[in-house]
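User: I'm new to this structure and would like to learn how to read it. Could you walk me through some features one at a time?

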Amino acid sequence: MVTSDAYKTLPKVLGALRAHDTDTIEALADPRVRSGRETTDDQDQEHDGDGDDGAVDVLEDEGGAASLSRAAAGVLRFSEDRDPAVLAQFVRLRVIDPEGAYWRRGIEAAGRWLRETGNTVLRVPYTLVTPEDWGGVGGYPLGQWIAEQRRAYGAGTLEAGRVAELEKLGMVWSEQDAAWSDGIAVAKEYAAVHGHFLPPTTAVWDGHPIGVWAKNARAAARKARENEELRAAGLPVPSAAGGDGRSAAGELDAVDPGWCPVWDTGWQRCYRLVQNHVQAGGTLPEAAGDVVVQGEDLGRWVTAQRFGWEQLLPAQQWILENTLGPQAAGGNERPVKQTQDTKWAANLAAARQFHAREGHLRVPRKHIEQVETEPGLVGRQGGADGAVVVKLGMWLDNVRKRAAKLPEQRRTDLDQLGMRW
């Protein structure tokens, strides 16, 4: 740590102080001087005996004050000759080993974090600091330490041994790659259960917002497709254009070949649901409410495709004809479009029916009347047993509001029923 850029100024300051006053710099280097206490000869003999391996370290006396071994004190005195071996050992213990201790503490904190959280990979938030009650690794900035190792790995300066040690713990070298791998894993599970990978944007699977993830992946794949078309045409591709190359690698294509259609995803999802239903032995749903799967009314969808055949792309028409079998609805199948006259006739029939039953035309606003269907009469909403449902009360209120614009015959028809204008 002392060799980092943050300490570049320190040697210059110490060198200047030494040139000015050697005693001052030695006093700064010796904690015995700052504490006002000296190491006794007995202490020196205790820590500098024949069995000493030459290690230099800071000692503490009974009062907790810092003291130095004789070897360390000799290294710190610039005015004395220093043994190169002792100096090298001092550097190893005070410069290299502290960094090694920092590394070991990071590894221990990472292992403790995995055990405490139950995670299997080291995807640690940058701001995470280990709890103080974690003993020797309490209060450790684990998130920052992980980020430092990731930067060193990217720069190629992280030792191979340390790389291997981190990978044993499940180190994630790239958050982006990890997020993609997680998405692929969830996509496979979703497709296995639903029979397709066309989730709505709001879909969440095992706590993963797979709908949003799929939407973003689809947008990236479409952008990549557009970029390829521009390159093929010899046109420049905007430098800011996206396009995830991993999507083109076929990972999601292997999950579901139709995961990124050129048309609406909702259309593709309903198509796949109908296809799965038919392949499972079911019949093609043809009416609303026949089959509802994953919240989609498949009968209503099939009917909508037949009546809206002209709005489909040629590729969509081909897919429907060759895989499901439905074709465009014939003219005799299409519902008769209501005119103003047919709507008026249906409402007037409901008013007459109410008057014949109640003897008046004072109809509550929310009242609904059902009348039998007559030839050529089409109501707004079908009722039970072929009856036509008319919101009579609301219709009469609307008629009163535009009474001045009504034709004379229509006013007369209502007057005969005792209409109150």
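**Reading the fold, feature by feature**

Analyst: Let's begin with a residue in a loop: Asp206 lies in the loop between α9 and α10. Keep in mind throughout that this is a predicted model.

User: Is Asp206 buried or exposed?

Analyst: Asp206 counts as exposed, because its relative accessibility is 63% and the cut-off for exposed is over 50%.

User: And what is the phi of Asp206 near?

Analyst: The general idea comes before the case. Most residues other than glycine have a negative phi. Asp206 is not a glycine, yet its phi is positive, near 55°. Gln294 is another case, with a positive phi of about 50° although it isn't a glycine either. You'll find Gln294 in the loop between β3 (292–293) and β4 (296–297). Its relative accessible area is 39%, so Gln294 is partly exposed.

User: Let me step back for a moment. How many helices and strands does the protein chain have?

Analyst: There are 18 helices and seven strands in the protein chain. The chain has 421 residues, and 34% of them count as buried. If you take the contacts between residues at least 6 apart in sequence, 49% join residues at least 24 apart.

User: Now the rings. How many aromatic pairs does the structure hold?

Analyst: It holds eleven aromatic pairs. Take Tyr190 and Trp205: their ring centres are 5.7 Å apart with 80° between the planes, and the pair is edge-to-face. This pair links distant parts of the chain, with Tyr190 in helix α9 (residues 175–194) and Trp205 in the loop between α9 and α10 (210–232), 15 residues apart.

User: Are those two buried or exposed?

Analyst: Tyr190 is buried, with a relative accessible area of 5%. Trp205 is partly exposed, at 22%. For a second pair, look at Trp263 and Trp267: their ring centres are 5.6 Å apart and their planes are at 75°, so this pair is edge-to-face. Trp263 and Trp267 are both buried.

User: Which residues do ring pairs link into a cluster?

Analyst: The cluster is made of Trp180, Tyr190, Phe197, Trp205 and Trp213. A ring can also have a charge over it: the charged end of Arg411 sits over the ring of Trp421, 4.5 Å from the ring's centre.

User: Next, helix packing. What are two packed helices described by?

Analyst: By the angle between their axes and the distance between those axes. Here, helix α13 (residues 265–279) packs against helix α14 (residues 298–307) at an angle of about 115°, and the axes are 10 Å apart. That angle makes α13 roughly perpendicular to α14. Their crossing is left-handed.

User: Which residues of α13 and α14 meet?

Analyst: From α13 come Trp267, Cys270, Tyr271, Leu273, Val274 and His277, which meet Leu298, Trp301, Val302 and Gln305 of α14. You've already seen Trp267 in its ring pair with Trp263.

User: What angle do α16 and α18 pack at?

Analyst: α16 and helix α18 (residues 408–415) pack at about 15°, with axes 11 Å apart. That makes α16 roughly parallel to α18. The contact is made by Gln340, Asp341, Trp344, Leu348 and Arg352 of α16, together with Arg410, Asp413 and Leu414 of α18. Again the crossing is left-handed.

User: Where does Trp344 lie, and what is it in contact with?

Analyst: Trp344 lies in helix α16 (residues 340–358). Trp344 counts as buried because its relative accessibility is 9%, and buried means under 20%. Leaving aside neighbours within four places in sequence, Trp344 is in contact with Trp395, Val399, Leu406, Arg410 and Leu414. Trp344 and Trp395 are 51 residues apart in sequence, while their C-alpha atoms are 9.7 Å apart in space.

Terms used
Residues are numbered from 1 along each chain as its sequence is written. This is a predicted model: local features need pLDDT of at least 70, side-chain atom pairs count only at pLDDT 80 or more; totals for chains, interfaces and linings use all residues. Side-chain values use heavy atoms; hydrogens and water are left out. Rings of Phe, Tyr and Trp (its six-membered ring) pair if their centres lie within 6.5 Å; planes under 30 degrees apart count as stacked, over 60 as edge-to-face and the rest as tilted. Helices (H or I, at least four residues) and strands (E, at least two) are DSSP runs, numbered from the N terminus. Buried means under 20% relative accessible area, exposed over 50%, partly exposed in between (1.4 Å probe, protein chains only). A charge sits over a ring if NZ of Lys or CZ of Arg is within 6 Å of the ring centre and within 35 degrees of the ring normal. Axes are lines fitted to C-alpha atoms, for helices over the stretch in contact, and angles run from 0 to 180 degrees between N-to-C directions. Angles under 35 degrees count as roughly parallel, over 145 as roughly antiparallel, 65 to 115 as roughly perpendicular and the rest as oblique. A crossing is left-handed if the near helix is turned anticlockwise from the far one by less than a right angle, and right-handed if clockwise. Contact means heavy atoms within 4.5 Å.
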